[in-house]
Structures are given as C-alpha cells and as structure tokens.
Amino acid sequence: LTGPINLQTGVHITEIYTLGRGLLTLADLVEHDEGTILDFAGEGMVRIAGYADYSGDTHAEGNAAVIFAHGPPSTGYLIAHDDSYIGTEETTNIQSSFLSRVHRTNSIGIVGFDTADLESPAVVSELIDLSVFDGSLRVGTSTAAIFKGTIIPGSYGYHFGGRGTLTVESSLTYETGLEATSGLLLFLKGANSYAGPTRAGAGAAIVFTGDALPNGTAFNVEAGSYIGYTETTTDLSVSAFLRHFNTGSTFGVIGFDTENPSGRVVNAAINLSGFSSSVYLGTATQATLTGLITPAGTDYRFTGFRNGQLTVGTALSGSSAVYVGQVQAEVFGYAPGGVTYSPSVTLTGSNSYTGGTYLQSGRLLVGNASALGTGALHLTNDGIDVGLESTIQGLSISNQIVFENYASLALGGGN
C-alpha cells in the first residue's frame, strides 16, 4: 500500500492483523490521536517502508513480524511477545536508537536487523548488548543479516531467532550456551569459545569453520530443527561431528552442508546407531551421500531442509523403509514473508530395501528403476504439497503407489 495510512481515531490501540504468511508493505503510518499504540498480530510480516509517525508503544503478538525501514517511531516502547519479531533496517547507532527502546522486561520475543533485499544482507558491526534484558529475549533477523561486532548475551546465553538467515562472524566467547530458535537459519563463522551446549529449537545452525565450533559443546536438536556443518571445517570428520550430538536429545535433522555451488560429496560412513529413530539425515544446501549409512532404528530418514537438495547414492537394502521429508508437524513454516521453500531428496542408489518408501513432504526424485526398492511408494503428506520426478528420461516406475490420508501428488520435471 503506497499511500499514507491514517490510524484510527477515538481508540487507544490500533491493530494490524495479517492472515497467512505473506509480506504486507505499508507506507507512512500517521496517528490522529496522540499516544496511539500499534499492535501487530497474525502470522505474516509487515514492513513499514515509510515513516512511523505515532507516539505510543509498538506491540507484536504471536508469530507476527514488523520491520521498520527507517527505524521505529521516536517515542514509545517496542514490546515483542511470544515468538513475535520487531526489526529495523537501520544499522547505525543501534544501541541508542533501537535496542534502548525495547522494553527490558516485557519483551520476551525477538528483535533484529533486516534488509529489503535478501541478496544484500544488513551488516551490523556495532556492539549488541543484551545483558540488560529479560533472559528470554532473542536477537536475529526476519530477512538476512550479518553480525560482525561484539555480542554481549543475556542471562540465558546467546539466543538467536527470527525467520531469516543470520551469519554471525562475531567471536562468541562468554561462558554460556547458544540457541537458534523460531525459524532462524544461523551460520556460525566466528572464532568461538562459548562454554555451553548448542541447541536448535524450531531453528537451524550450520558450522562453517573449525574455529566456530567450541571443543566441548554438545548439540541438542529438537524435532523439526537442524544442525549441520560444511566441508571447510577441515579438522572435523563425520564421526567426530556425530560425537558432538547428545543422542538422548537429538530428534531433528543432522546435516551436511557446503558453500560450493556444485555441492558436497560425503563419502564417509554415517553411523546413527544409538540415536533416536526419528533422526533424519539432510542438507540445507546441496549434498550427496555415498558412504555406508547405518540408520537410527530400522528405517532410513532423509530430507532437504528449507531449499536443501539431498542426493543419496548409497545402496539401501534390507527390510528397512525409507522416509522422505519431515512430517507435517515438523515442516519448517517460518519462512520470511513472501518466501516458500522447495526441498528435495534424490535416490540414485541400486536399492533393494523392501519396507517401502514414505513421501511425507518436499520433492522425491528417482534416479533409476530400482531407486524405490521393491516396496510401495506411500504418500503420507496429509495436505502438504509433494512432488515425484525423475532424473532421466523414459524411466518406468513399477512400484505400487498408495495414497493415504489426504495425500496428493504432483508429477513434474522435464522427464
């Protein structure tokens, strides 16, 4: 909406409620009655591209997100409740013009720094001091940002959140833990020595260098969450990476990642014995697994995370089933406003497993006539869009296809 928005008169609070998870862009917000409070609610993201000319507090509720292109209004508190988000595209004088405006005890959600162009992240080089806030306040981005300056954590540790992609080049050195929550994809690239565990709770963390991973940190991954590492972490073998996971509190995705646009090939064996049977192997970027895979429990579970493209070239055998994509309750729904994800899993091995294939979400690409083993292909997506494609022309799939629950299937691709 490109025209100015004149706020309601005769009411103390004006609510802006967004349905769906799209992006609503507004121009100037102009109050009529002094002290008007704005309350942002719903699931979507609101970007104030103009100026926020109102004098009351700003509240965000539930999973709502609001971003101020020119900084927040000059008066009133910023109060983020629950998993809501309040952000700014201004990256200078952040302590005085933004963080000092956040209510110290009532803000328990997320505050952060943003950009109008996801290809050009906001760069924050100044100090981020969260020590004066309630411990549950998180900092991050709902779009894309890079943190380069010193970060002083709150009493609960390094808590990062938001729906976007955050790269932390800062060195994280306090004797506390780290969490990636509320839809955030966190890239760790600093020389870190924080002393506590690393947790992904409805979020994701990827380690890019050996220095970014403290020696003693333990990984805890909730269902629907993700922790991965890249091949540039040269001193970390696959087996050493797996030893960082707390097997008793890892229920999400163990990932293999890369910055190489051609992808990454993992030839090493991956042994998940001892892990929960709900654990997936996956990628948030592009990876191919070719080594021996020992599943957690009896079945294999593979997924792309966000837009991740995973190829499994390993021959899968025995009475195991293969589960592709996370179930509906675990699928990441916290995309930035107006953004959707299309993860994929490609099976290219000469497979003979007999337990069937269960397509739960994302796209399944079939690389040869035996890729799906000998059992049926079960569609258990329950309302989530899924797709079946082939990587070669003229492929004939002889497996029975079973539609379960409210399943649907899109057939696509050039082949």
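A residue is called buried when its relative accessible area is under 20%, exposed when that area is over 50%, and partly exposed in between (1.4 Å probe, protein chains only). Strands are DSSP runs of E with at least two residues, numbered from the N terminus. The model is predicted: local features need pLDDT of at least 70, side-chain atom pairs count only at pLDDT 80 or more, and totals for chains, interfaces and linings use all residues. Residues are numbered from 1 along each chain as its sequence is written, and side-chain values use heavy atoms, with hydrogens and water left out.

Strand β9 (65-68) has buried residues pointing both ways. Ala65 and Ile67 point one way, while Val66 and Phe68 point the other way. Strands count as paired if DSSP finds at least two bridges between them. β9 runs parallel to strand β6 (residues 45-48), and 4 bridges join them. Here Val46 has Val66 of β9 as its bridge partner. β9 is also joined by 4 bridges to strand β11 (residues 85-88), again in parallel. In that pairing, Phe68 has Thr88 of β11 as its bridge partner.

Asn63 sits in the loop between β8 (58-60) and β9. The residue counts as buried because its relative accessibility is 16%. The side chains of Asn63 and Glu43 are joined by a polar contact of 3.4 Å. Such a contact is a pair of N or O atoms within 3.5 Å; within protein, one must be able to donate a hydrogen and the other to accept it, and residues adjacent in sequence count only if both atoms are side-chain atoms.

Strand β8 also belongs to an open sheet of 4 strands, in the order β2-β5-β8-β10, with parallel pairing. Its edge strands, β2 (13-18) and β10 (78-80), each pair on one side only. The twist averages 15 degrees from one strand to the next. Angles run from 0 to 180 degrees between N-to-C directions, and axes are lines fitted to C-alpha atoms. β2 pairs with strand β5 (residues 37-42) in the parallel sense over 6 bridges. Thr14 has Leu38 in β5 as its bridge partner.

Another open sheet has 3 strands in the order β1-β4-β7, with parallel pairing. β1 (5-6) and β7 (52-53) are the edge strands, each pairing on one side only. Strand β4 (residues 29-30) is joined to β7 by 2 bridges, and the two run parallel. Val30 stands opposite Asp53 in β7.

The largest pocket has a volume of about 710 Å³. Of its 28 lining residues, the closest to the centre are Thr165, Leu185, Phe187, Ala284 and Thr285. Strands β16 (144-147), β19 (165-168) and β21 (185-188) each give two or more residues to the lining. A pocket is an open set of points on a 1 Å grid over the protein atoms alone, where a 1.4 Å probe fits, with protein on both sides within 12 Å along at least five of seven lines; lining residues have an atom within 4 Å of a point. The volume is the space filled by probe spheres set on the points.

Most residues other than glycine have a negative phi. Ser182 is not a glycine, yet has a positive phi of about 60 degrees. Ser182 lies in the loop between β20 (178-181) and β21. With a relative accessible area of 5%, Ser182 is buried. Ala202 also has a positive phi, of about 55 degrees. This residue lies in the loop between β22 (198-201) and β23 (204-207). At 30% relative accessibility, Ala202 counts as partly exposed.
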